Amino acid sequence: MGLVVQKYGGSSVADAEGIKRVAKRIVEAKKNGNQVVVVVSAMGDTTDELIDLAEQVSPMPAGREFDMLLTAGERISMALLAMAIKNLGHEAQSFTGSQAGVITDSVHNKARIIDVTPGRIRDSLDKGNIAIVAGFQGVSADKKDITTLGRGGSDTTAVALAAALDAEVCEIYTDVDGVFTADPRVVKKAKKIDWISFEDMLELAASGSKVLLHRCVEYARRYNIPIHVRSSFSGLQGTWVSSEPIGDKKVEQAIISGVAHDTSEAKITVVGVPDKPGEAAAIFRTIADAAINIDMVVQNVSAASTGLTDISFTLPKTEGRKAIDALERNRLGIGFDSLRYDDQIGKISLVGAGMKTNPGVTASFFEALSDAGVNIELISTSEIRISVVTRKDDVPEAVRAVHTAFGLDSDTDEAVVYGGTGR
């Protein structure tokens, strides 16, 4: 008997009919002889609605109480799904993140998993039950407070449980048929990828691909847990994410895996920074002490007449105000002149392990953007990724132009987003 972990996103359990459809799929996996653990997100837009409600009550809700509120969504989903499974004649038992043994640090709203002790899950499985776990949440190791894992937390919960339970596979069910060469909502001719390596998927996820989140893929690579991304709305085979192709079918690593984009970032420029050792360190220590993650960094050439330079970096829009406040508080210590904030930017990234040995990739990428009339503001590269920042309004056209330029357009069916969100 194998052990399978399945995760269902909010669009898959958006209403009663969706919950019943998911319950049937879970029962089918059980009938096939598997032990089944299910991780479930909140129904539809429940989390967003709870956030809006909190902001109406308090403009800056306390982290502990905010987490207590947000975890209610997943608890509703898990209980309803367990009821639906029992109605189909199978035993199911629901667990909150803390009951499932998901132990985190004490950072509210974006906690990190530090351990998983799934004793109660194993006991339930040994009794023949299907275990339903609320995603996106855990309990802090020190204060025993409820915590949430931040964006993509349910995916991370699923992979963490799969690793702790030594599962054969972690199936991520969403509202698209797998991982595509671009966001199907932007590029209708995007192709479904049959297999993609952990490394390429990590870069796509870090660059804005929404079907899987970076922390989830990072966890899976660390513990070598194969991920199968599938749609809960169809019976089609999805995309395998693993270190090597799954099964007998050998899939050749593509030169380019896909094009990702992200419009959820903002850019801060620190103007008039003294061009001397330690200044950049002071800026980014200030940002780090505020617990803010940054993405791209660019420093301009120092002006010879003034000895001053500008340093720009990108970060999540949601952290913009906190970053500005932190830098302003340390203005005298750093010694900059002013700050500029821009939240009308977008990032486009080209990802593929094959670009390491194909020297024409970079030129073709920039030619495609030039032909589309897209101006570039920042550039960042790795061995298997090229990213640029441009105007937010230019992103859809830029993504389509690059996708076409690298021959990624499908000649057949258009990609389908069943639930409308791409998750």
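Colleague: Why is arginine 112 called partly exposed?

Modeller: Buried means under 20% relative accessible area, exposed over 50%, and partly exposed in between (1.4 Å probe, protein chains only). Arginine 112 has 41% relative accessibility, so it counts as partly exposed. This is a predicted model: local features need pLDDT of at least 70, side-chain atom pairs count only at pLDDT 80 or more, and totals for chains, interfaces and linings use all residues. Residues are numbered from 1 along each chain as its sequence is written, and side-chain values use heavy atoms, with hydrogens and water left out.

Colleague: What makes arginine 112 and glutamate 218 a salt bridge?

Modeller: A salt bridge is a side-chain nitrogen of Lys or Arg within 4 Å of a carboxyl oxygen of Asp or Glu. Here the closest N and O atoms are 3.8 Å apart. Arginine 112 lies in the loop between β4 and β5, and glutamate 218 in helix α8, so the pair ties together parts 106 residues apart in sequence. Helices (H or I, at least four residues) and strands (E, at least two) are DSSP runs, numbered from the N terminus. Glutamate 218 is partly exposed, because its relative accessible area is 25%.

Colleague: How do you know that glutamate 203 and arginine 385 form a salt bridge?

Modeller: Their closest N and O atoms are 2.9 Å apart. Glutamate 203 sits in helix α7 and arginine 385 in strand β20, so this pair ties together parts 182 residues apart in sequence. Both residues are buried.

Colleague: Why is lysine 267 called buried?

Modeller: Because its relative accessible area is 14%. Lysine 267 also forms a salt bridge with glutamate 377, with closest N and O atoms 2.9 Å apart. A network of salt bridges links Lys267, Asp342, Glu377 and Arg391.

Colleague: What about glutamate 171: which side chain of opposite charge is nearest?

Modeller: That is arginine 230, 4.2 Å away. Lys and Arg count as positive and Asp and Glu as negative; His and the chain ends are not counted. Glutamate 171 is buried yet has no salt bridge. Its side chain does make a polar contact of 3.0 Å with that of glutamine 6 (a pair of N or O atoms within 3.5 Å; within protein, one must be able to donate a hydrogen and the other to accept it, and residues adjacent in sequence count only if both atoms are side-chain atoms).

Colleague: Why is methionine 83 called exposed?

Modeller: Because its relative accessible area is 53%. Methionine 83 lies in helix α4.
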